[in-house]
Amino acid sequence: MELGYGEEFELYREGVREFLSKNWPPPGKSGEGIDDQAIRAFRRNAVEAGYLYRAIPRRYGGAGREPDLLEAQIIREEFRRARAPMEIGGISTQMLVPTLLECGEEWQKERFVRRTIEGEIIWCQGYSEPGSGSDLASVRTRGELVDGEWIVNGQKIWTTQAAEADYMFALVRTEPDAPKREGISYLLLDMKQPGIEVRPLRQITGGTEFNEVFLDDARTPADWIVGQRGQGWQVSRTTLKHERNMVGNAESAEKLFRQLVRLARSVDLEEGPAIDHPEIRVELARLWNEVLIQRCSGYYQLSRSAKGKSAGNLTLMNKLAFSDFAQRVSDVALRIIRGDGLLEPGRRRGGNEKWLNQWMGSLGLSIAGGTSNIQRNIIAERGLGLPRDVVGDR
Amino acid sequence: MDFDLSNEQEILQETVDKFIGNVCPITRVRELSERDDPYDEELWDRCVDLGLGGLLVPEEYGGAGLGLLDAALVVESLGRGAVPSPFIEHTVAVLALRLGGSREQKRKWLPGMAQGDVRGCVALGEQENAWFGDRWTTRFDSGAGGREGVRGTKAPVSFGAGSDLVVVGTAGGGLVLVEGADPGLRFERIDGIDRTRRLDRLEIEGASGSVLSARDGIASRVVDAWLVLLAADAFGGAVACLARSVAYAKEREQFGVKIGSFQALKHQLANMALEVEPARTLYWYAAHAFDRELADASCAAAAAKSAICDRYLRIARSAVEVHGGIGYTWECDIQLFLKRALFDGLYLGDSRVHYRRIAESSGW
């Protein structure tokens, strides 16, 4: 057991630090002076140096390196320390790009990958529908090939960034007579066309991060399909050998915990700061234990993956563990802010009531990207080997 | 970066698992637990033959010279099997000597502890949950005024009776060695809820003691090590409860199907797995932090003990529920684990005590 990275990797870390000290902040710039152009230039340099978009081949704008989880972790640590821009996050780079690299046609990779990772184009995901949530393979949005074009009709929902997006990658039923999962194709669509209407959905927080998308004779060329007709389900499940952040959840948990400690220091509860309240101290210790478990579990998963070995059921548990944790943090925060929780968090920015956004947002975590109950099914069936449900059409 | 067990550690754990399967399967555990005293001389001898007695004894004294993490892996296996073994107590006694013993004390005791001639135990806690050094009242007077010797009451002491060497905690957080045969020691058996562990009340009346070095809070290091080992035992027990529950859900039928196909039960089992499986890495870390003397070693030990023992209690209770009526019977092995969970959870302080310690040492 060794928690250090060892000499070879520390040398690598030195290189990353040297690069950052020369490139971030950009020479001669600071604060407001760092504009989008400077950030783009920095990212290009970082790709050139092999620190960003490492798994993406050079001809599509990536660094074209062999995947190495430990190097990737060191890069993240150092970039975070320097507060330097990392890869553009989100589904465009994390879902669409890996899928295109794995299953896309050469022209699709050439046309889309570089522009996507450089932030020139934005994608939205057309998966969920009003009638297809956890049972995603039941999608009913239809696509018909007419005169060299797909004509797409239906409705998508929970579509993040639909209004800003240039394109959508969507699961569309193109083979209505085939069994459920074999009748779906993975299509790419231009969002800026008359057949597509985007309507924002207001969330419980009052914000509007996602939308409904209505497809009414939306059109896309016949070859804007990834994989073959009817293979869309498998294409959407593609996992690429890229450098997934194994300790991402633990880092988020720790950050959230630190915010809670700051809140407890700054707010009085009964006689003195909440941080001195015996019950709050017990709750904080409980949560800290959870942070430690997620951190240890993360580093174990990182170590196992770096050796090409499985980390067993732990990989199935990360999402559920983190969303449970975020909800527990929000409960403790509410106990600390008490009456401030009666206020609307949007209006008086900066007050303790902003924790209501975390309190409500943590509910979103247990729904988005596979609900917690679905996560429990996965742990039970794939992890513990329990029999599948007897009901329903899977 | 390799936060994982070494090959040797994996082999060690496999070896111990196989050993337990052969020497002390659950049927044997039941037999031992039905006796007044679950301690089994023959079982301990076999453990010593396997090398467990000297696992942490330095090589120069005839042991394997391994670390707390290795011992914790053994304890996980023993906990999974609910084995009535004094391995934890003996190992903590070895550590006390290793950390605080003079050359002479080490030479006198450690070789015998490795070979099996000497079984060690540790008597720290006193009445009213006085688990830590700051509240011990047992006195050691080195001779002035004719009251030479160790005096006090230690309870409950686990696997104390019949041991050859007792490490006794004294007022102010000191540690003293007392020979098991000293006429000043009197063990009185206590009926414990966990019938896989022998418990005693130890009256010490003028026993002769040999003091261990008091430098740099050796006693609190000894407590930390013990906390980690209890956490490892709790992890092993929780794994056993989960595995038994999953196996039962795959075999038991109601309404014409395996009960494990019901989503209610699947979710209960998934929640159990979520609580148990990632926690293994926490006791690893706590043991590793102890071995490397990392700055947060004490805090990590408290975290492992409180987090994992709490989980063990919840998992054992859920396991009874998953087993239904049969789970509530004496015949069902789950009750052995349920009671071991109580022991692990309450011995050396319940989780609230450790939460407070975590809060203090974290500077909140």
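In chain B, helix 6 is followed by B:Gly116, a residue with a positive phi, near 100°. Helices here are DSSP runs of H or I with at least four residues, strands are runs of E with at least two, and both are numbered from the N terminus. The model is a predicted one, with local features needing pLDDT of at least 70 and side-chain atom pairs counting only at pLDDT 80 or more, while totals for chains, interfaces and linings use all residues. As for bookkeeping, residues are numbered from 1 along each chain as its sequence is written, chains are lettered from A and ligands numbered from 1 in the order in which they are written, and side-chain values use heavy atoms, leaving out hydrogens and water.

Back to helix 6 of chain B: its 13 residues (103-115) reach 18 Å from the first C-alpha to the last, close to the expected 18 Å, a span worked out as 1.5 Å times one less than the number of residues. There is a kink of about 30° at B:Trp109, shortly before the proline B:Pro111; the bend is the angle between axes fitted to the seven residues ending at a residue and the seven starting there. B:Trp109 is also one of the buried residues of this helix, which include B:Gln105, B:Lys106, B:Leu110 and B:Met113. Buried means under 20% relative accessible area, exposed means over 50%, and partly exposed falls in between (1.4 Å probe, protein chains only). The helix's buried residues pack against several elements of chain B, among them helix 3 (41-49), helix 5 (87-100) and strand 4 (165-170), with contact meaning heavy atoms within 4.5 Å.

Over in chain A, the domain assignment, which is automatic or from a database, gives domain 1 (7-81), domain 2 (123-236) and domain 3 (248-383). The centres of domain 2 and domain 3 of chain A, taken over C-alpha atoms, are 33 Å apart.

Strand 2 (residues 142-146) and strand 3 (residues 149-160) of chain A run antiparallel and are joined by five bridges; strands pair if DSSP finds at least two bridges between them. The two strands make a hairpin with two residues between them, and A:Asp147 in the turn has a positive phi of about 50°. A:Leu145 sits opposite A:Trp150 in strand 3 of chain A. A:Arg142, in strand 2 of chain A, is partly exposed at 38% relative accessible area. Leaving aside residues up to four places away in sequence, A:Arg142 touches A:Ile151, A:Val152, A:Asn153, A:Val172, A:Arg173 and A:Pro176.

A:Phe42, in helix 2 (residues 36-48) of chain A, is buried with a relative accessible area of 2%. Not counting residues up to four places away in sequence, the contacts of A:Phe42 include A:Phe19, A:Trp24, A:Phe79 and A:Pro85. A:Ser362 belongs to helix 10 (residues 355-365) of chain A and is buried, with a relative accessible area of 2%.

What about disulfides? Taking a disulfide as a pair of cysteine sulfur atoms within 2.5 Å, the count over all chains is zero. For A:Cys103, the nearest cysteine sulfur belongs to A:Cys124, 19 Å away. For B:Cys309, the nearest is that of B:Cys241, 13 Å away. A:Cys103 is partly exposed at 24% relative accessibility, whereas B:Cys309 is buried at 1%.
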